[in-house]
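Biologist: I would like to learn how to read strand pairing and helix packing from a model. Could we go through one together?

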Amino acid sequence: VEGQVHRGIQNIGISGDGITTQAAVDRVEFSPLSRTLTLYGLRMRGETPQGPLSYEVAEVSLRIPLRMLLAYTPLRPMVLKDVGMMPVAENIVLRNLAVRTPEARASVQREEINEVRSQSELVGRFLDGAPIDILAATYLMGADRAHSFFISVNIPGKEGLAQLTIKESLVEGWEGPAIARMRVEELQSRLNGQESMRMASFEASNITLPDLGLVHRLMDSAAVGEDDMEAAVKTIGPVLEEILAADPPLVRQVRANGLAFSVENGSVTVEGAGFDWLSNTPRHTTSFIRNIAAPRSLIQVSTGFLAPALKADMTFESMAQSPSSHKKILTIKAENLADVDCSLTLYDAGIISTSEQALLLQSFSDLRLAVKDRGAMAWLGINISPNGLAAATVLHQTMDKGLELAPTQKNKAIREALLTFAQRPGKLEVTSAQGQRIGILQLLAALSDPGTLFTCTATPGPNSLEEQINALAAQAAQTPAPAEAAGK
């Protein structure tokens, strides 16, 4: 057993252009009575086009199932004759795992796996000492549950040392390219020792690894474009498109909870965020951010304006209408500011060489935009003057002068709707003609004649802007704003 394990490990590696690896183990001990196998100093080292890499585990202990034990004997042909998954190890414990790549350093203090399964063909190749690509082997193995503890990753960069720590992670239902569930608890990131982000939990469900051939193509493309961003876009982009177009999709559902982001002068928190990949034919995804929040003091100091505390929910949906067009739906509900509902059909710009060209060639149709004021106009006004009449007058005069549009009935309606919304903030709706594609150049050409592209209507609110500003000023007087914001 010990000899076959030694030989099998020496033939494990990673295949790829310009990649060479060598695996080894310092010592292997097997106890026949308990069927316990212990490996000391397990490692794989190698070279890639980007630099050296290494994987090292101080100690691995496991128990060999009876059928697998028989595969180490001359009975191997009979044991491995049935095609399919078979248990190869149980009660696995890995201690002190260390990974080094040209870009990062990582470590795992302990990992526990209840049982590892493998295709019988892969078992035979390992015991025969045949070469095994570790990436390909991943698609031929499985486990019910893998639990890791105290994970850390260090990534040096231009901005300094980025550090990521995870208290524990869990992988469940791994079967070849499919993983039923992945979850991490208590994730924290730091930059140069200062916390930049923390997360209570992160979970992904129904994961499907990309086709192995696409993974190797992606690795090769990344190596080609490493020092040239334009080359990277051209080589990696098409591969990523193939990966994203695969069915089933990469991941069906993602959830993150208890997020906090450190920013200058405070922190922004998010109660929860999620993503659902509903289908790929046609492609249909939804995502949400629940209760993103920031204190009023942070918003005012960061922007230099009087403003309320941030407290908002967001949802986003994307549905493919054709190979080159997608319907996008966005909703924002920001407490004390506004509710926004927007939908449009967005058309791909095609394969272009620069982001500037992409912007010029981008187009959309079927725009539906609705904005319901919940205090945003009043906060805009109070930054002009705490006197409601003065602020409302300045806003009205500014908009009246700025809305010098071509003299058409449609433009007149747009002008009246915008002035109504400014005088008595309520609900503003903007739509474009059904099926009419609008590009950035058309938008620029229609600045003085928007009626050729859009219609606009307004529903007055119950209170005038002047009344809202005066009420807000009275309320704000009871809660003094930060000196920095008030000064600006």
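Biologist: Which residue is the bridge partner of His326 in strand 17?

Modeller: This is a predicted model. In strand 17, His326 has Leu346 as its bridge partner. That bridge belongs to the pairing of strand 16 (residues 325–334) with strand 17, which is antiparallel and extends over 10 bridges.

Biologist: What happens in the hairpin of strand 16 and strand 17?

Modeller: There are 3 residues between the strands, and Asn336 takes a positive phi near 65 degrees.

Biologist: Which strand is joined to strand 17 by 9 bridges?

Modeller: Strand 18 (residues 363–373) is, and the two run antiparallel. Ala338 stands opposite Asp373 in strand 18. As for burial, the cut-off is under 20% relative accessible area. By that rule 8 of the 10 residues of strand 17 (residues 338–347) are buried, so strand 17 is largely enclosed by the rest of the structure.

Biologist: Where is Arg374 found?

Modeller: Arg374 lies in the loop between strand 18 and helix 10 (376–382). Its relative accessibility is 38%, so Arg374 counts as partly exposed. Leaving out residues up to four places away in sequence, Arg374 touches Lys333, Ala334, Glu335, Asn336, Leu337, Ala338 and Asp339. The list includes Asn336, the hairpin residue with the positive phi. The C-alpha atoms of Arg374 and Gly426 are separated by 8.1 Å, with the two residues 52 apart along the chain.

Biologist: How many bridges join strand 10 to strand 11?

Modeller: 12 bridges join strand 10 (residues 178–191) to strand 11 (residues 194–208), and these strands run antiparallel. Arg181 stands opposite Ser205 in strand 11. Their hairpin has 2 residues between the strands, and there Asn192 has a positive phi near 55 degrees. Strand 11 is also joined by 9 bridges to strand 12 (residues 251–263), again antiparallel. In that pairing Glu203 stands opposite Arg255 in strand 12.

Biologist: Let us move to helices. What describes two packed helices?

Modeller: The angle between their axes and the distance between the axes. Here, helix 11 (residues 388–402) and helix 14 (residues 465–477) pack at an angle of about 135 degrees, with axes 8 Å apart. An angle over 145 degrees would count as roughly antiparallel; helix 11 and helix 14 are therefore oblique to each other. The crossing of helix 11 past helix 14 is right-handed.

Biologist: Which residues of helix 11 and helix 14 meet?

Modeller: Helix 11 contributes Gly388, Leu389, Ala391, Ala392 and Leu395, and helix 14 contributes Leu465, Glu466, Ile469 and Asn470. By class, the residues of this contact are 6 nonpolar, 2 polar and 1 charged.

Biologist: At what angle do the axes of helix 1 and helix 4 cross?

Modeller: Helix 1 (residues 2–10) and helix 4 (residues 120–128) cross at roughly 100 degrees, and their axes come within 7 Å. That makes helix 1 roughly perpendicular to helix 4. Gln4, Val5, Arg7, Gly8 and Ile9 of helix 1 make the contact with Phe126, Leu127 and Asp128 of helix 4. These residues divide into 4 nonpolar, 2 polar and 2 charged.

Biologist: Which residues in helix 8 are buried?

Modeller: In helix 8 (residues 296–303), Arg296, Leu298 and Gln300 are buried. Just after helix 8 comes Gly304, with a positive phi of about 80 degrees.

Terms used:
Residues are numbered from 1 along each chain as its sequence is written. This is a predicted model: local features need pLDDT of at least 70, side-chain atom pairs count only at pLDDT 80 or more; totals for chains, interfaces and linings use all residues. Side-chain values use heavy atoms; hydrogens and water are left out. Axes are lines fitted to C-alpha atoms, for helices over the stretch in contact, and angles run from 0 to 180 degrees between N-to-C directions. Helices (H or I, at least four residues) and strands (E, at least two) are DSSP runs, numbered from the N terminus. Angles under 35 degrees count as roughly parallel, over 145 as roughly antiparallel, 65 to 115 as roughly perpendicular and the rest as oblique. A crossing is left-handed if the near helix is turned anticlockwise from the far one by less than a right angle, and right-handed if clockwise. Contact means heavy atoms within 4.5 Å. Ala, Val, Leu, Ile, Met, Phe, Trp, Tyr, Cys and Pro count as nonpolar, Asp, Glu, Lys and Arg as charged, and the others, Gly among them, as polar. Two strands pair if DSSP finds at least two bridges between them. Buried means under 20% relative accessible area, exposed over 50%, partly exposed in between (1.4 Å probe, protein chains only).
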